[in-house]
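Please look over the model shown here before reading the points.

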Amino acid sequence: MLELSGVSTRYGPITMLRDVSLAVEAGRIACLLGPNGAGKTTLIRTVLGIVRPAEGSVRFEGARIDRLRTHQIVKLGIGVVPEGRRVFPKMTVEENLRMGAFIAWTGADVAKRREYVYGLFPRLAERRRQTAATMSGGEQAMLAMGRALMSRPKLLLLDEPSLGLSPLLVEQLFGMIRAINEAGTTVFLIEQNARKTLEVAHHGFLLQKGEIVGRGTARELAASEVVRHAYLRA
């Protein structure tokens with residue numbers, strides 16, 4: 001579904017991604033593991049067209065997208081939950097969800113999609129008139145995912161969704177990610193929490209200093225000495 005081939009991305013003279021090649025399979029959960037500063041968020045920004053690759057190509061369902069504008073890429077079927085969730089704090093839950101449905105649909109389409117999101121996240125339905133700023137971190141995480149799902153994405157990009165959440169909420173979050181995938185949405189999960197990520201992912205990649213240094217099934221990555229030493233020690 002998503003394919004990066006030989007992608008290098010730079011900020012001025014600084015190379016953040018170097019010859020990155022990876023593929024996300026339709027219907028699966030793929031993950032990208034890596035420490036802070038590895039280039040994970042830059043990779044997301046490159047896929048979304050916020051920054052352009054200096055070299056290489058990005059394809060979605062076989063079509064090249066690395067020269068499209070961000071709104072055009074979203075309309076093709078890519079949704080994103082950005083790092084830090086970035087909900088609109090002064091807007092209500094319902095207003096935030098409507099912002100996720102900015103693609104021109106009829107009111108019936110929006111209402112149907114909103115009810116789908118409320119079915120996945122009943123807590124949001126209970127708080128539909130509440131402003132996002134007054135919600136807990138876990139509730140904001142649900143809202144950010146719900147907002148992304150309002151655009152009916154074929155592929156959902158999740159950038160560090162567990163950041164700042166308690167262990168109990170992290171457990172719930174990864175259960176939600178699995179449920180979203182089982183409902184038919186392909187997921188590309190960018191995370192530092194390798195242990196939980198590898199429990200839900202089908203396959204993945206390890207990014208260090210802007211380069212892919214490991215890849216394989218979730219089981220293969222969990223057995224990798226690099227991953228075990230850096231991410232899975234007690």
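The numbered points below take the cores and then the cavity.

1. This is a predicted model, in which local features need pLDDT of at least 70, side-chain atom pairs count only at pLDDT 80 or more, and totals for chains, interfaces and linings use all residues. Residues are numbered from 1 along each chain as its sequence is written, and side-chain values use heavy atoms, with hydrogens and water left out.

2. The largest nonpolar core has 42 residues, and Phe121, Leu124, Leu143, Met145, Leu158 and Ile177 touch the most other members. Such a core is a set of buried Ala, Val, Leu, Ile, Met, Phe, Trp, Tyr and Cys residues joined through side-chain atoms within 4.5 Å; buried means under 20% relative accessible area with a 1.4 Å probe, protein chains only. Helix 6 (residues 137-149) contributes the most to this core, with seven residues; helices are DSSP runs (H or I, at least four residues), numbered from the N terminus.

3. A second, separate core holds 26 residues, including Leu17, Leu32, Ile73 and Ile190.

4. Beyond its neighbours within four places in sequence, Leu124 has contacts (heavy atoms within 4.5 Å) with Val93, Val117, Tyr118, Met135, Glu139, Met142 and Leu143.

5. One cavity of 30 Å³ or more is found in a search of the whole structure. A cavity is a set of points on a 1 Å grid over the protein atoms alone where a 1.4 Å probe fits but cannot get out; lining residues have an atom within 4 Å of a point. The largest cavity contains about 40 Å³ of space.

6. Helix 7 (167-182) gives the most to the lining of the largest cavity, with four residues.

Technical notes:
Buried < 20%, exposed > 50% of the residue type's maximum accessible area, 1.4 Å probe, protein only. Helix = DSSP H or I, 4+ residues; strand = E, 2+ residues; numbered from the N terminus. 1 Å grid on protein atoms, 1.4 Å probe; cavity = no way out; pocket = protein on both sides within 12 Å on 5 of 7 lines; lining within 4 Å. Points joined across faces, edges and corners; volume = space filled by probe spheres on them.
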